[in-house]
Amino acid sequence: MTEMFRDKVDVSLTVNGEPVEARVPAGQHMIDFLRLELGLTGAHASCEHGVCGACTIRVDDDAVRGCLMLAAQADGTEVWTIEGLTDTNAIRDLQEAFVVRNALQCGFCTPGMLVAAEELLSKGGTPSRAEIREHLSGNYCRCTGYEAIIDAVESVAQGRAGKGKA
Ligand code: FES
Ligand code: FES
């Protein structure tokens, strides 16, 4: 075991609205901390080098790759995973739109896709299909095809704008 993994770092953060205090290996990735230490397995570890987006989580209002962030870097941050966003109904309209538009099959990419899409939608306005496509270009889906995903996100953007949220 290298020094990097033997050294421990104390972190204090919130995860899905709950305070978390932990002593983490200095080299532990955030996605592993969430999945292995906190049991939050909604965000997935796949490529583990920043390419596929399956590990996407929200950190202080930004969509972040959990495989490129160290748990030690989460000290003082506010972290949300798909579990918390689901429990609080924060993205219920987006989740429902994915179902209605058949924007998921196996669901492996979906948690990361939803977190990334919500980052765009939370900025307000009504993004164009090109803007949605660009924003989600770092999230890979191997099943569904991207048109349905773009359809779902676009419909939510229009729906929120119609309700005066945008
Ligand atoms: S697992 Fe993090 S980007 Fe693929
Ligand atoms: S729904 Fe299977 S990878 Fe996207």
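1. Across the interface of domain 1 and domain 2 the rule finds zero salt bridges, a salt bridge being a side-chain nitrogen of Lys or Arg within 4 Å of a carboxyl oxygen of Asp or Glu. The model is predicted, so local features need pLDDT of at least 70 and side-chain atom pairs count only at pLDDT 80 or more, while totals for chains, interfaces and linings use all residues. Residues are numbered from 1 along each chain as its sequence is written, and side-chain values use heavy atoms, with hydrogens and water left out.

2. The domain assignment gives domain 1 (3-85) and domain 2 (89-160); such bounds come from an automatic or database assignment. Taken over C-alpha atoms, the centres of domain 1 and domain 2 are 22 Å apart. The contact (heavy atoms within 4.5 Å) takes 17 residues from domain 1 and 17 residues from domain 2.

3. Domain 1 and domain 2 bury about 1400 Å² between them, 59% of it on carbon and sulfur atoms. Buried area is the accessible area (1.4 Å probe) that two parts lose on being put together, summed over both. Strand 3 (56-59), strand 4 (62-65) and helix 3 each supply at least two residues of the side of domain 1 that touches domain 2. Helices (H or I, at least four residues) and strands (E, at least two) are DSSP runs, numbered from the N terminus.

4. The largest nonpolar core has 26 residues, and Leu-94, Phe-98, Met-113, Leu-136, Ile-149 and Val-153 have the most contacts inside it. Helix 3 (82-87), helix 4 (92-100), helix 5 (110-121) and helix 7 (146-162) are the elements that give two or more residues to this core. At least three residues come from each of domain 1 and domain 2. A nonpolar core is a set of buried Ala, Val, Leu, Ile, Met, Phe, Trp, Tyr and Cys residues joined through side-chain atoms within 4.5 Å.

5. Leu-136 touches Met-113, Ala-116, Ala-117, Ile-149, Ile-150 and Val-153, leaving aside residues up to four places away in sequence. A second, separate core of 19 residues includes Val-24, Cys-55, Ala-71 and Val-79.

6. Asn-16 lies between strand 1 (8-15) and strand 2 (18-25), and Asp-61 between strand 3 and strand 4. Asn-16 is buried, with a relative accessible area of 17%, whereas Asp-61 is exposed at 59%. Buried means under 20% relative accessible area, exposed over 50%, and partly exposed in between (1.4 Å probe, protein chains only).

Conventions. Chains are lettered from A and ligands numbered from 1 in the order in which they are written.
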